[in-house]
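Subject: Handing over the structure

Hi,

Here is the structure I promised to pass on to you. Please have a look at it first, and then read my notes below.

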Amino acid sequence: MKPRIGVLTSGGDCPGLNAVLRGVVLAAEKFGWEVVGFRDGFEGLLSPGDHVILDRKSTDGIMALGGTIIGTTNRGHFVSKVGGGDRTIVPANVIADAKKILEELHVKALIIVGGDGSMTTALQLQEAGINCIGVPKTIDNDLEATAMTFGFDSAVATVMDGLDRLHTTATSHKRVMVVEVMGRHAGWIALHGGIAGGADIILIPEIPFDYDKIAAAIKTRDAAGNLGTLVVVAEGAKSKDGQQVKRDMQDGEFRLGGIGEVVAREIAKRTGKETRSCVLGHLQRGGAPTTLDRILGTRFGVKAVQLANEGHFGAMVSYQYYQVRHVPIAEAVNRLRLVPPNGEMVQTARDVEISFGD
Ligand code: F6P
């Protein structure tokens with residue numbers, strides 16, 4: 001019997017997950033491993049073990065597909081992040097059950113594709129004696145331990161496309177269009193998507209904004225003869241004296257959303273201009289991955305198998321200086337990479353007349 005390697009995708013989905021799975025399967029085949037895919041994130045590890053054998057046939061042609069063919073969840077028995085970064089411990093009996101299932105299936109190592117919360121869980125499994133390799137995934141691109149994650153570029157492309165479309169209608173009607181995009185703690189999607197899509201105002205969590213400054217920027221544009229104004233706001237952005245706009249609480253974590261509508265209302269009140277808002281939401285998480293995400297996902301998947309093959313357990317794949325390397329999972333968790341408010345990207349945006357409402 002061939003040695004077996006397990007793989008699961010955990011947390012919110014994003015374009016590029018299937019490229020990782022395909023990379024894992026093809027590299028594993030080269031090194032003589034059989035790949036067991038666990039369904040719906042860590043949940044697939046629980047008795048009786050919800051799994052499927054992944055091979056070149058079942059992964060053929062999946063690279064162009066969004067989502068993940070083995071499913072995922074950001075809820076369930078293994079969730080180890082609640083609220084603003086507080087950690088919880090995965091119950092010992094849950095970990096023991098997962099370990100038993102892996103032993104029964106003869107799985108020698110487990111590749112965990114997920115974000116910060118999933119890596120926190122991976123660390124606990126590793127400490128319990130399960131050989132884990134992490135592959136970082138977050139659409140928000142906010143993990144300090146890797147310069148980039150797959151999924152981000154596809155999300156930015158969706159924002160850019162949305163802004164291109166909204167630009168024409170904003171101009172025709174001489175309106176302000178407010179576009180709410182993802183980004184809980186970090187404004188990377190708003191910043192990159194906003195610059196690429198020609199936004200005039202970008203509001204991000206790292207730079208609290210002032211409604212009067214936003215209104216002043218719009219009036220200045222009007223006076224200069226601009227017809228419409230595009231405002232991009234990250235879901236986690238907040239005004240200087242306000243709070244993040246939250247929807248509801250699920251499994252200890254707030255769902256954000258609604259700031260776009262609030263911003264649109266305040267702009268209309270202060271400028272008297274017709275203002276509309278639009279939420280891109282999960283459109284940013286769906287659809288085919290971009291070239292960059294397919295390549296990065298493939299490289300991450302292959303690297304994870306190489307690490308398993310070399311016995312580098314407890315490591316997480318990481319993209320640094322154009323190379324795919326690895327770091328200890330223990331050093332990667334709970335370290336967010338935020339947009340530096342005085343960094344080069346923000347300054348570049350300011351120099352092309354983008355206002356941050358500050
Ligand atoms: O963390 C990634 C993310 O896409 C956030 O930007 C967003 O707040 C959240 O996930 C949405 O999660 P859900 O899939 O539960 O709606």
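Predicted model: local features only at pLDDT ≥ 70, side-chain atom pairs only at ≥ 80, totals over all residues.

Let me begin with A64, which lies in the loop between β3 and β4 (81-82). A64 is partly exposed, with a relative accessible area of 38%.

The ligand

Which residues surround the ligand? They are N74, R75, I139, D140, M182, G183, R184, E235, H282 and R285. Sorted by class, this shell has 5 charged, 3 polar and 2 nonpolar residues. As for its location, the ligand sits in the largest pocket.

In E235, an N or O atom of the side chain is 2.7 Å from an oxygen atom of the ligand. For H282, the distance from a polar side-chain atom to a ligand oxygen is 2.9 Å. With D140, an N or O atom in the side chain is 3.0 Å from an oxygen atom of the ligand. On its own, the ligand has 400 Å² of accessible area, and the protein covers 78% of that.

A buried asparagine

Next, please go to N141, in the loop between β7 (132-136) and α4 (152-173). Is N141 buried or exposed? Its relative accessible area is 5%, and the cut-off for buried is under 20%, so N141 counts as buried. The side chain of N141 also reaches the backbone nitrogen of T149, at 3.0 Å.

Backbone details

Some background for this part: most peptide bonds are trans, and most residues other than glycine have a negative phi. The places below are the ones I would look at with that in mind.

- The peptide bond from S47 to P48 is cis, and its omega is near 5°. P48 is located in the loop between β2 (34-38) and β3 (51-54).
- H106 is not a glycine, yet it has a positive phi of about 60°. You will find H106 in the loop between α2 (92-104) and β6 (107-114). With 39% relative accessibility, H106 counts as partly exposed.
- N334 is not a glycine either, and its phi is positive at about 60°. The loop that holds N334 runs between α9 (329-332) and α10 (344-351). N334 counts as partly exposed, at 47% relative accessibility.

Helices and a strand

G162 is part of helix α4. With a relative accessible area of 10%, G162 is buried. Between the C-alpha atoms of G162 and E353 there are 20 Å in space, and the two residues are 191 apart in sequence.

How far apart are the C-alpha atoms of T275 and K174? They are separated by 9.3 Å, while the residues are 101 apart along the chain. T275 itself belongs to strand β13 (residues 275-279). This threonine is buried too, and its relative accessible area is 12%.

I195 is in helix α5 (residues 188-196). Its relative accessibility is 30%, which lies between the limits of 20% and 50%, so I195 counts as partly exposed. From I195 to I207 there are 12 residues in sequence and 16 Å in space, C-alpha to C-alpha.

Happy exploring, and best wishes

Notes
Residues numbered from 1 in each chain as written. Heavy atoms only, no water. Near = heavy atom within 4 Å. Polar contact = N/O pair within 3.5 Å; in protein donor to acceptor, adjacent residues only side chain to side chain. Areas by Shrake-Rupley, 256 points an atom, 1.4 Å probe, with all protein chains shown as cover. 1 Å grid on protein atoms, 1.4 Å probe; cavity = no way out; pocket = protein on both sides within 12 Å on 5 of 7 lines; lining within 4 Å. Sits in = over half its atoms within 2 Å of the grid points. Nonpolar A, V, L, I, M, F, W, Y, C, P; charged D, E, K, R; others polar. Helix = DSSP H or I, 4+ residues; strand = E, 2+ residues; numbered from the N terminus. Buried < 20%, exposed > 50% of the residue type's maximum accessible area, 1.4 Å probe, protein only.
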